[in-house]
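Please read the points below with the sequence and the model side by side.

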Amino acid sequence: MSLEIKDSIYAPRVATITQINALTSTEKQFKIKIDDTVERSAFNFLPGQFVELTVFGVGEAPFSIPSSPSNKEYFELCVRNIGSVSGALHRMEAGAKVGIRGPFGKGVFPYDKMRGNNVVIIAGGLGMAPVRSLLLQILEERQNYKGLSLIYGCVEPQSILYRDEIEGLRKRNDIDVKLTVDRPDNNWKDAVGVCTNLIPNLEYKPEDTFIVVCGPPVMYKFVIIELNEKKYLPEKIFLSLERRMECGVGKCNHCHVGNKLACVDGPVFSLWEIENLKEAI
Amino acid sequence: MLYKVLENSGLKSLLAGIMSGYELIGPKKLDRAIHDFSVIKDPSEIDLSYKKTTVPPAKKLLFPPSETLINYKLGEKISVTPVIDARQRVLFGVSAWDLNGMNFLDRIFSSDYPDSNYIARREKLIVIGYDAEPSETNFALSMGAEYASKGFDLFISNLGSRNFIRIATATGNSIINSFSNATEASHDDFVAYNRFMRNYRKKFTAIADMDQFGESYEATYNNNALWDKLAKNCFSCGSCNLVCPTCFCFNVRDDMMLNLKEGLKSREWDSCMMPEYGLVAGGHNFRSTRANRLKQRYRCKLKTFTEKFETYSCVGCGRCVEACLAKINIYEDISSIKKEVNV
């Protein structure tokens, strides 16, 4: 007997790519709209959550959502052309159909708890994508937060994501933006080196400061050393972990970090949790 | 729980009765030393003297090595159809440790996001347990898995001339009432059952010393010399995962049919011992060494779920010990780990 069921956790919702923008030579931004209006209105995400995106016939991969949670009509994904699914996505054109599962992840950037505090966002490379959602959320209700800083490091100026948007932020007087690159070009006027170098200059006090970190695995170790040096509190530092994920729903087990699963317990963890997971960093 | 007794002669008619209404899957001798659970055509095919089967029976039925999860049709409008194949079946003669392994999978697949594919099959599976003979590498007693307190409809313990039957569900009760003349267990039957279990437990000769293992594991976490030594012979072949009743890692893949209009999403077992297990796009591997992968396997089997489900995920069946080409032995490794922090 073969039974058809409607509520499989593995069934993607059909969605349309409505717009594609090249952000750099390797990253594109995809604007995605879920086709079914009921499913679309049920799709509510929090900063730090991710979706599993299916390119039909190719495969499925997890991507963090970089757009604002308050936008209910569509969401965006920032995708580096690096694997089979992301490669297939990069070859697609606006109008193409994809499958979406999610949003997933119970571990998110707790923007509600951050209200009334300073917030420092530290991003490296592609790590800008997951934290952008938080940044946009905070900017939408800026009056609820104290100081706001963005520290963003990339290999070179050409690899900075959302560069126009970030330059635009500099015109505001309620956010401090610090950029740094490893390999500057002749026009580069900002810092040179890794983003870790910019942490000692932070003037916020530990008791009312939340720190959010997202970047390549190698970056975390050094950022944490600097944050500890400044006595920022482990329970107020949040990091998003990348792991291999096949299912996104706590079943396939690939994203084990100690006794936690990055997909359901994370992908965002507090530093306190991470220090107790040993193999996280 | 109801308790009844059934004469040995009544067992045969019980099986014949079950076969008249259900597909029956039971232990069958395939070769001199090989047993496997497969579809039973005649009750005489069942051999309850089996000590082990290479593949755990419940997992094979509930979470097959590969299965289609979703079918889809491409075109103007894309249709996505979840697929599950669930049939009513009776699994007969499954050991307590394999039952406990199934109980673990039940929790994995029903917690957080319930897995409809597994659950649909599980709901249709009638389970009849049996106190099978432990093999010489079986350390289920150390893992508290030599006795099953749930997960079955019926559990049969052979007391010699008669069978002591624990009835856990209405389905089990209806099977017993329909196909047997089992009678209420008497006080003497309970006495005989308790004596049976005391002697049964003596048959488990392999021991895993689990006292304070969790702390010992944490204490040796950064002892690279120890973990390199434990993993140095590992071939990363994944045999231990394939035979494990509680391993549940899988990969999800998409495939297109040759007409390029229809496709499917399927899953297949994966192995945490293989180098690709922690590999992500871009080439970073979160579990690039054998030592790290073995350490993670032992954590998953012996510690992770004591924190999540208050149970080990290892049931001590000993299959991985026998399947390992490099003779890696989990209960010996438990001792080696504990020796490092011995008081």
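1. In β13(B), K265(B) is the residue that stands opposite I70(B). The strands β4(B) and β13(B) pair in the antiparallel sense over seven bridges. Strands here (E, at least two residues) and helices (H or I, at least four) are DSSP runs, numbered from the N terminus, and two strands pair if DSSP finds at least two bridges between them.

2. This is a predicted model, in which local features need pLDDT of at least 70 and side-chain atom pairs count only at pLDDT 80 or more, while totals for chains, interfaces and linings use all residues. Residues are numbered from 1 along each chain as its sequence is written, and chains are lettered from A and ligands numbered from 1 in the order in which they are written.

3. The pair β4(B) and β13(B) belongs to an open antiparallel sheet of four strands, ordered β5-β4-β13-β12 in chain B. At its edges stand β5 and β12 of chain B; each has a single partner strand, so one side of each lacks a neighbour in the sheet. From one strand to the next the twist averages 20°.

4. Chain B also holds an open sheet of eight strands with mixed pairing, in the order β3-β2-β7-β8-β9-β10-β1-β11. Its edge strands, β3 (35–39) and β11 (183–184) of chain B, each pair on one side only. Within this sheet, β2 (residues 23–29) and β7 (residues 89–94) of chain B pair in the parallel sense over three bridges. L24(B) stands opposite V90(B) in β7(B). In general, the strands of a sheet pair through backbone hydrogen bonds, either parallel or antiparallel.

5. How do helices α8(B) and α10(B) cross? Their axes (lines fitted to C-alpha atoms over the stretch in contact, with angles from 0 to 180 degrees between N-to-C directions) come within 8 Å and cross at roughly 90°. α8(B) is therefore roughly perpendicular to α10(B), a term for angles of 65 to 115 degrees. N224(B), W227(B), D228(B), L230(B) and A231(B) of α8(B) meet R290(B), A291(B), L294(B) and K295(B) of α10(B). By class, this contact has five nonpolar, one polar and three charged residues. Nonpolar covers Ala, Val, Leu, Ile, Met, Phe, Trp, Tyr, Cys and Pro, charged covers Asp, Glu, Lys and Arg, and the others, Gly among them, are polar.

6. Chain B has twelve helices and 13 strands. Buried residues (20 or more other C-beta atoms, placed from the backbone, within 10 Å of their own) make up 45% of the 343 residues in chain B.

7. Chain A has seven helices and 16 strands. The radius of gyration of chain A is 19 Å, close to the 19 Å given by the globule rule for 281 residues, so chain A is as compact as a globular protein of that length. In chain A, 51% of the 281 residues are buried.

8. Where the chains meet, 43 residues of chain B are in contact with 41 residues of chain A, contact being C-beta atoms, placed from the backbone, within 7 Å.

Key. Contact = placed C-beta atoms within 7 Å. Buried ≥ 20, exposed ≤ 12 C-beta atoms within 10 Å, placed from the backbone. Parallel < 35°, antiparallel > 145°, perpendicular 65-115°, else oblique. Rg over C-alpha atoms; globule rule 2.2 N^0.38 Å.
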